[in-house]
Amino acid sequence: MGDAIDLTGDGGVIKTIIRQAKPDALGPSDDLPVVDVHYEGTLAESGEVFDTTHEDNTIFSFELGKGSVIQSWDIALKTMKVGEVAKLTCKPEYAYGTAGSPPDIPPNATLIFEVELLACKPRRGSSMSSVSEERARLEELKKQREIAAATKEEEKKRREEAKAAAAARMQAKLEAKKGKGKGKSK
């Protein structure tokens with residue numbers, strides 16, 4: 001196991017890496033705020049498991065920073081990478097506080113989670129592209145259109161030049177025929 005990292009500076013959320021992610025693994029970001037996790041939650045005081053996704057192999061998905069999970073998860077998951085497994089020790093003020101979450105979590109309970117970050121995804125209805133990537137894509141499309149328009153314009157000019165040259169040749173042939181026809185009697 002790795003060193004304990006105090007993510008809040010007050011001991012409220014302690015993260016210990018159990019399994020490192022691959023070096024090139026993605027982590028949550030503004031473009032990828034939706035996370036998929038496997039987890040097991042235990043009460044620090046008794047070691048009793050109060051919730052887990054392991055028994056039925058479900059995946060829990062949520063969007064970071066929206067308040068849909070306890071504060072410690074929003075804090076800790078932002079620091080993780082896909083494939084990482086971490087132990088999170090969460091003090092009550094970063095979990096369920098003085099109210100707890102009856103009947104499974106008593107008031108003022110410190111919770112321990114083993115969390116595996118399975119995936120990071122964009123919000124529904126958005127793409128993987130960031131705004132800057134989208135701008136670059138649109139800029140490239142604009143350049144391609146400009147090149148296509150310029151090519152089309154060049155082809156049109158060549159056709160017009162070819163028409164003019166053909167017309168000049170026809171005119172020259174007509175003039176030549178007229179010239180040959182002079183002086184001949186019928």
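## Burial, pairing and packing

User: Is threonine 42 buried or exposed?
Analyst: This is a predicted model, and all values are computed from it. The relative accessibility of threonine 42 is 15%. The cut-off for burial is under 20%. Threonine 42 therefore counts as buried.

User: Which strand holds threonine 42, and which residues does it contact beyond four places in sequence?
Analyst: Threonine 42 belongs to strand β3, residues 34–43. Neighbours within four places in sequence are left out of its contact list. What remains is Gly47, Glu48, Val49, Phe50, Thr110, Leu111 and Ile112.

User: In the hairpin of β3 and β4, which turn residue has a positive phi?
Analyst: β3 pairs with β4, residues 49–52, in the antiparallel sense over three bridges. Glycine 41 faces aspartate 51 of β4. Five residues lie between the two strands of the hairpin. The turn residue with a positive phi, about 80 degrees, is glycine 47.

User: Which residues lie nearest the centre of the largest pocket?
Analyst: The largest pocket holds about 200 Å³ of space. Its lining splits into nine nonpolar, two polar and two charged residues. Of the 13 lining residues, those nearest the centre are Tyr39, Phe50, Asp51, Tyr96 and Phe113.

User: Which element gives the most residues to the largest nonpolar core?
Analyst: The core has 27 residues, and Trp73, Leu77, Leu111 and Phe113 touch the most other members. Two or more residues come from each of β3, α1 (71–77), β6 (85–90) and β7 (111–121). With five residues, the element that gives the most is β7.

User: What does leucine 111 touch beyond four places in sequence?
Analyst: Leucine 111 is among the core members that touch the most others. Residues up to four places away in sequence are not counted here. Its partners are Thr42, Leu43, Phe50, Ile70, Leu88, Thr89, Cys90, Ala95, Tyr96 and Ile105.

User: What is the relative accessible area of leucine 117?
Analyst: Leucine 117 sits in strand β7. Its contacts beyond four places in sequence include Val35, Asp36, Val37, Leu77 and Met80. Leucine 117 is buried, and its relative accessible area is 0%.

User: How far apart are the C-alpha atoms of leucine 117 and aspartate 36?
Analyst: Aspartate 36 is on the contact list of leucine 117. Along the chain the two are 81 residues apart. Their C-alpha atoms are separated by 6.2 Å.

User: Why is strand β2 described as largely enclosed by the rest of the structure?
Analyst: β2 covers residues 13–19.

User: In β6, which residue is the bridge partner of threonine 16?
Analyst: On one side, β2 runs antiparallel to β1 (residues 4–6) with three bridges, and alanine 4 stands opposite threonine 16. Six bridges join β2 to β6, again antiparallel. In β6, the partner of threonine 16 is lysine 87.

User: What pattern does the protein follow along its sequence?
Analyst: There are two helices and seven strands. Of the 186 residues, 30% are buried. Read along the sequence, the pattern is β-β-β-β-β-α-β-β-α.

Technical notes. Residues are numbered from 1 along each chain as its sequence is written. This is a predicted model: local features need pLDDT of at least 70, side-chain atom pairs count only at pLDDT 80 or more; totals for chains, interfaces and linings use all residues. Side-chain values use heavy atoms; hydrogens and water are left out. Buried means under 20% relative accessible area, exposed over 50%, partly exposed in between (1.4 Å probe, protein chains only). Contact means heavy atoms within 4.5 Å. Two strands pair if DSSP finds at least two bridges between them. On a 1 Å grid over the protein atoms alone, a cavity is a set of points where a 1.4 Å probe fits but cannot get out, and a pocket is an open set with protein on both sides within 12 Å along at least five of seven lines; lining residues have an atom within 4 Å of a point. Grid points are joined across faces, edges and corners, and a volume is the space filled by probe spheres set on the points. Ala, Val, Leu, Ile, Met, Phe, Trp, Tyr, Cys and Pro count as nonpolar, Asp, Glu, Lys and Arg as charged, and the others, Gly among them, as polar. A nonpolar core is a set of buried Ala, Val, Leu, Ile, Met, Phe, Trp, Tyr and Cys residues joined through side-chain atoms within 4.5 Å.
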